[in-house]
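User: Hi! Could you walk me through this model? I'd like to start with the overall layout and then go into some details.

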Amino acid sequence: MKRAFLGEFEEIVLLTVAVLDEAAYGVTVTQEIEQKTGRAVGFSTVHTTLQRLEEKGYLASQMGGATAERGGRRKRFFTLTATGRKALVDVQQVRTQLWEALPPQTLQLMGY
Amino acid sequence: MNQHSQPPRWATRLLHWLGHPDTREEVEGDLLELYAHWVRTHGPRKANWHYTLSVLRLLRPLAKSRHVPEYTTPFLLSPDMLRNYVKIAWRNLIRHKVYSAINIGGLAVGMAVAMLIGLWVWDELSFNKSHPQYDRIAQVLENQPLENGTQTFESLPFPLSTKLRRSYASDFKYVAVAVPMDITLAYNEKKLTKNGRFSEAAFPELLTLTMLKGSRKLTDPTAVLLAQSTSNVLFGAEDPINKIVDTGDRRMAKVTGVYEDLPRNSQFNGTAFIAPFALLATSSPGIMTNWKSSSFPIYVQLNPASRFEQVSAKISHVLYEGSKDPVKPTLFLWPMRQWHLYADFKNGVAGGGRVQFVWLFSIIGIFVLLLACINFMNLSTARSQKRAKEVGIRKVVGSVRGQLISQFLSESVLVVAVAFILSMGLVWLSLSWFNQLANKQMAMLWTEPLFWLAAFGFSLFTALIAGSYPAFYLSSFRPVKVLKGVVRVGRLVALPRQLLVVLQFTVSVTLIIGTIIVFRQIQHAKNRPIGYNRNGLIAINTSSLGRYDALRLDLLQTGAVVNMAESSNPTTDVWSSANNLDWRGKDSNRQAMFGTVSVSEDFGKTIGWTIKEGRGFSRKLTTDSLAFVFNEAAVKLIGIQHPVGEIIRWHDKEFTVIGVVHDLVMQSPFEPVKPMVFMMNNERTMNTITIKINPEQGAGEALATIRAVFQKYNPTVPFDYKFADQEFATKFSGEERIGNLASIFAILAVFISCLGLFGLASFMAEARTKEIGVRKVLGASVVNLWSLLSKDFVVLVGIAFCIATPIAYYFLNNWLQQYQYRTEITWWIFVVSGLGALGLTLLTVSYQSIRAALMNPVKSLRSE
C-alpha cells in the first residue's frame with residue numbers, strides 16, 4: 001500500500017489546520033504554529049505549504065465572506081479532506097508502531 | 001499604538017502585479033492582517049520589514065492563473081455567437097432600410113468604379129506583355145536635331161536593317177523591317193482588304209508567332225503567312241496551306257503558314273498577314289539598297305545578354321554613316337515596354353503618353369472609392385450614437401466588451417460583403433458598356449489571384465476601418481451612464497465627420513471643374529476654323545488608277561459629284577515632309593520642315609480652300625507643274641511677307657510660289673498648323689481621291705452611283721470610302737474618351753457624395769427632432785428651421801469649394817499646357833461648378849430639413 005508522504009513542516013501545517021477546525025486560514029495558521037511550536041515561521045512559507053497541501057489533495061479551501069478589516073478582501077479557509085485525515089492517521093500509525101518497537105532500555109533512557 | 005500605519009504601498013502594488021493571480025485576494029488580505037498584528041507586537045518599522053520580506057517571497061512573476069470559472073465565457077468566435085452576430089446585423093440592416101441602402105449602394109458603386117478602373121489600368125499595364133520576348137523587343141528610331149527641337153521618326157531606310165544585322169550580330173538576335181500596308185487579298189472570288197505587314201524573314205521569329213499550321217519560315221519570297229481570322233474568311237473550311245493568293249497588284253503568293261491572331265492588347269493586333277518584303281519590292285528592287293528613302297519601321301530583338309541602353313549607344317551613328325544626311329540623325333532603341341504607355345517624344349526622349357491617363361484614372365478610382373468609404377464611415381459613426389442605449393442594455397445583460405466589438409465589426413463586415421457582391425454584379429453588367437466606352441476588350445480577372453487578394457484585402461480593410469469607431473468607442477461606455485442618458489457625444493466626434501464631408505466635396509468639385517474644362521477644350525478645338533469645307537467630302541484610298549481623267553469625267557457626268565481631285569494623302573492627314581527646301585535669304589544651317597502634298601489642279605476647288613494671295617493651280621498653264629502653293633504657316637516660316645513669285649529650290653529644281661492659302665487643319669486639331677507646301681507633281685504617287693458629293697442628292701444615293709462607276713473602272717478593288725468629317729472626328733476620340741470617362745466618374749463621385757450627405761442630413765434632422773419641436777413651439781418659421789438645418793452643410797461645401805478651386809486650376813492648367821491650341825480657364829467655370837455643387841447640396845439636404853421643419857411639434861415633443 002502506498003503511503004502518503006508528508007514532510008515534517010507539512011505535517012505540522014496539516015495538523016494545525018485540523019486543530020483550528022473551521023477557522024484555519026493563512027494568518028491563523030501562521031500564528032498558531034508560532035505560538036504552539038515557538039518557531040518563527042514566515043507567512044510566505046506557511047502560504048506556500050498550504051498551497052502545496054491543497055494541490056496534493058490533503059486540504060480543501062473555500063473563500064469566506066467579505067470582511068471590513070482587510071480592505072474588503074476575503075479569507076481563504078482551509079479544511080482537511082478525507083485524504084488529509086487519512087494521511088495524518090497514517091503518519092500517526094507509523095510513529096506509534098515505531099514507538100512500540102523501541103527496546104525497553106532505550107525507553108528507560110528517554111525517561112519513560 | 002499606531003493603528004493608522006500603513007504597509008509600504010510599493011510593496012502592496014508589487015504584490016498585486018506580480019503575485020500569483022489565483023491567490024491574490026486572500027494573500028493580500030492575510031498580509032494586511034498580519035501587518036496590523038506585527039505593528040501591534042513589533043512596531044511599525046519591524047512590521048514594514050516583515051511585510052516587505054513576505055511580499056518579496058510571495059512574488060510569482062511567471063505564474064499563470066489556473067482558475068477555471070464555473071461558467072465558461074463563450075468563445076468569441078463560436079458558431080452560435082457568429083450566427084447571432086450576423087442575425088442581429090441583418091435585423092439592423094432591415095430595420096434601417098434607407099441607411100442600409102445608402103450605405104450599401106454607395107459603397108457598391110464606389111467599389112464597382114474602382115474595379116472597372118482597376119481592370120482598365122491592368123489592361124493598359126499588360127499591353128504587349130503577351131509577346132513572349134516582351135523584354136527584349138525594341139523598335140529602332142531616329143532622332144533628328146531640327147530647328148524646333150529634336151524630332152523623332154520611325155521611318156528608316158531599308159539597308160539600315162541589313163547593316164545592323166551584319167555588324168551587330170552579337171547584340172541582335174533578330175532585325176527585321178516590317179512595313180504595315182493595306183492590301184486586297186484575293187482567293188478565287190473572295191476578296192478582303194486588310195492591314196498586314198511586308199517584312200523581312202526574321203519578323204515572325206522576332207514576334208514568336210504561334211503557328212497553327214505550317215511554319216514561321218518566310219525565306220521564300222513568294223510565301224505568305226495568314227492570321228487565323230484572315231484564313232477563315234478566305235478559305236473557310238479548306239486547308240489554306242500551299243494555296244495561291246493574290247496579295248494585291250497581282251503579286252501571287254503561296255500560303256505557307258497560319259498563325260494565331262495577335263491579341264487585342266498588342267501593338268501588332270490586327271496584322272492580318274505577313275508577307276516577305278521581297279514580294280512588295282519586286283517592282284522596285286532598288287529600294288532595298290537606297291539609304292535616301294526613309295519609309296520603313298525596323299524592329300529588333302536583343303540577345304539575352306544585351307541591354308537596350310548599351311546597344312542604343314553602339315548603333316547611334318550607323319544611320320549617318322550610311323545616309324550622310326546633313327541633319328546628322330542618331331539612332332536609338334525604343335523598348336517594347338515603352339511602346340504603349342510612353343509614346344510621346346519630347347526632344348528625342350520618350351516621356352509621357354498614355355501613362356498619364358493611367359495615373360489620372362488610378363487617382364480618380366482611388367478617390368471615388370475613398371468617397372464611398374467616407375460615406376460608410378460617416379453614416380456608421382453618426383448612427384452609432386443612437387445605439388449607445390443598446391450597448392448599455394447589452395452590457396447590463398452580460399455582454400463582454402469583446403462580444404460588443406465582434407457585434408459591431410460583424411455588422412460592418414456584412415455590409416461590405418453585400419456591397420462587394422453587389423459591385424461584382426455591377427461590374428459584370430457594365431463591363432461591355434465600359435469596354436465600348438474605353439475601346440477595349442476587358443474581362444473580369446476571375447482567375448487572377450492578385451484581383452481576389454486586392455478585393456478581399458480592400459473589403460476587409462474598409463469593414464475594419466468603418467466598423468472600428470462604433471466597435472471600439474461605443475463598447476467602452478459605462479452602462480450606468482449610458483442608460484441614465486449622461487453620455488454626450490461632443491463636438492470632437494463631429495469634427496472628423498465634417499472634415500470627411502469637406503474632403504468628399506473637394507474631390508467632387510474638382511472633378512466637376514475638370515470635366516467642364518476637358519469638354520470645353522474639345523469643343524474649342526472642334527470649333528476651330530479648319531480652312532476648308534468638310535461637308536460631303538469623301539476620301540477613297542487607292543493607288544494610281546491610271547485612267548483617272550476618264551473616271552473623273554464619268555463621275556462628273558452622273559451628277560452625283562460636284563468636283564473631285566487626286567492627292568498624295570487625304571485631307572485629314574499629311575503623309576510626307578521635306579526639310580531641304582531652299583529659298584532666298586535662307587540660313588543654310590536651318591533645318592526647316594515642311595509638310596508636302598501633291599495634288600491635282602481641282603484639289604483646292606474640291607475641298608474649298610480659301611486663297612489669301614495669288615492664285616490656285618491651273619492645268620492650262622504648263623508651268624504649274626513647277627509651282628508651289630504655300631499655307632500661312634509656311635509663309636511665316638520662310639519669313640518673306642509676300643512670297644508670291646518667289647523661287648524655291650527643291651531637289652535641284654526651281655519652283656515658283658503662285659499662291660498662299662489660309663491654314664488648313666489637316667493634322668491634330670490641338671496643335672498649330674504645320675508649314676505646308678502644295679504642288680502639282682506628276683512624279684509622286686497619288687494615294688487618295690477626294691470627292692465632293694452633290695449636296696442636292698442624298699449621300700446614300702450619290703454613293704451608290706459613285707460605287708457603280710468605280711466598280712466599272714476597277715472591279716478588283718472593293719469600293720472603300722471615308723467621310724472627311726468622320727475622319728476628322730476621330731482625331732478627337734482620345735480626348736472625347738477621357739472627357740466621357742471623366743464625366744462619368746465625376747457624376748458618380750457627386751452621386752456618392754450626395755448620397756452620404758443625404759444620410760447625414762437625415763441623421764441630423766432626426767437627432768434634433770426635439771430641438772426643432774421646441775423651436776416651432778416658440779415660433780420659428782419653416783424657413784428659419786430649414787436654414788438652421790441646411791446651414792452647416794452649405795458651410796462645409798463652401799469650404800470644399802474654396803479648397804477645390806486652386807487644386808483644379810493647378811492640375812487643369814498643367815493639362816492644358818500640353819495642347820498648343822487650347823481654351824482658357826475662365827472664372828465662370830468655377831462659379832458654375834461652385835453653384836452646381838451648392839445647388840445639389842441644398843437639394844439633398846432640403847428634403848430632410850424641410851421634412852423635419854414641417855413636423856408637428858406635438859408629435860415630436862410628446863414622446864419621451
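**Domains, contacts and cores**

Analyst: Happy to! Taken over C-alpha atoms, the centres of domain 2 of chain B and domain 4 of chain B are 30 Å apart. Keep in mind that this is a predicted model.

User: Thanks. Which residues make up the domains of chain B?

Analyst: Domain 1 covers 9-58 and domain 2 covers 137-339. Domain 3 is made of 356-525 + 733-862, and domain 4 is 537-730.

User: Now the interface: how many residues of chain B are in contact with chain A?

Analyst: On chain B there are 14, in contact with 15 residues of chain A. The elements giving two or more residues to that side of chain B are helix 2 (24-42) and helix 3 (44-58). Helix 2 of chain B has the largest share, 10 residues.

User: Switching to chain A, how do helix 1 and helix 3 cross?

Analyst: Their axes come within 10 Å and cross at roughly 85 degrees. Angles of 65 to 115 degrees count as roughly perpendicular, so helix 1 of chain A and helix 3 of chain A are roughly perpendicular to each other. Helix 1 of chain A contributes A:Phe9, A:Glu10, A:Val13 and A:Leu14 to the contact, and helix 3 of chain A contributes A:Val46, A:Thr49, A:Leu50 and A:Leu53. By type, those residues are six nonpolar, one polar and one charged.

User: Nice. Which residues touch the most other members of the largest nonpolar core?

Analyst: B:Met111, B:Val368, B:Ala372, B:Phe745 and B:Ala749, in a core of 91 residues. Helix 24 (733-767) of chain B is one of the elements that give two or more residues to this core, and helix 24 gives the most, 17 residues.

User: What does B:Val368 touch?

Analyst: Leaving out residues up to four places away in sequence, B:Val368 touches B:Gly110, B:Val113, B:Ala114, B:Phe745, B:Leu748, B:Ala749 and B:Ile752. Apart from that core lies another, of 53 residues, including B:Val140 and B:Leu164.

Terms used: Residues are numbered from 1 along each chain as its sequence is written. Chains are lettered from A and ligands numbered from 1 in the order in which they are written. This is a predicted model: local features need pLDDT of at least 70, side-chain atom pairs count only at pLDDT 80 or more; totals for chains, interfaces and linings use all residues. Domain bounds come from an automatic or database domain assignment. Two residues are in contact if their C-beta atoms, placed from the backbone, lie within 7 Å. Helices (H or I, at least four residues) and strands (E, at least two) are DSSP runs, numbered from the N terminus. Axes are lines fitted to C-alpha atoms, for helices over the stretch in contact, and angles run from 0 to 180 degrees between N-to-C directions. Angles under 35 degrees count as roughly parallel, over 145 as roughly antiparallel, 65 to 115 as roughly perpendicular and the rest as oblique. Ala, Val, Leu, Ile, Met, Phe, Trp, Tyr, Cys and Pro count as nonpolar, Asp, Glu, Lys and Arg as charged, and the others, Gly among them, as polar. A nonpolar core is a set of buried Ala, Val, Leu, Ile, Met, Phe, Trp, Tyr and Cys residues joined through C-beta atoms within 7 Å. A residue is buried if 20 or more other C-beta atoms lie within 10 Å of its own, exposed if 12 or fewer, and partly exposed in between; C-beta atoms are placed from the backbone.
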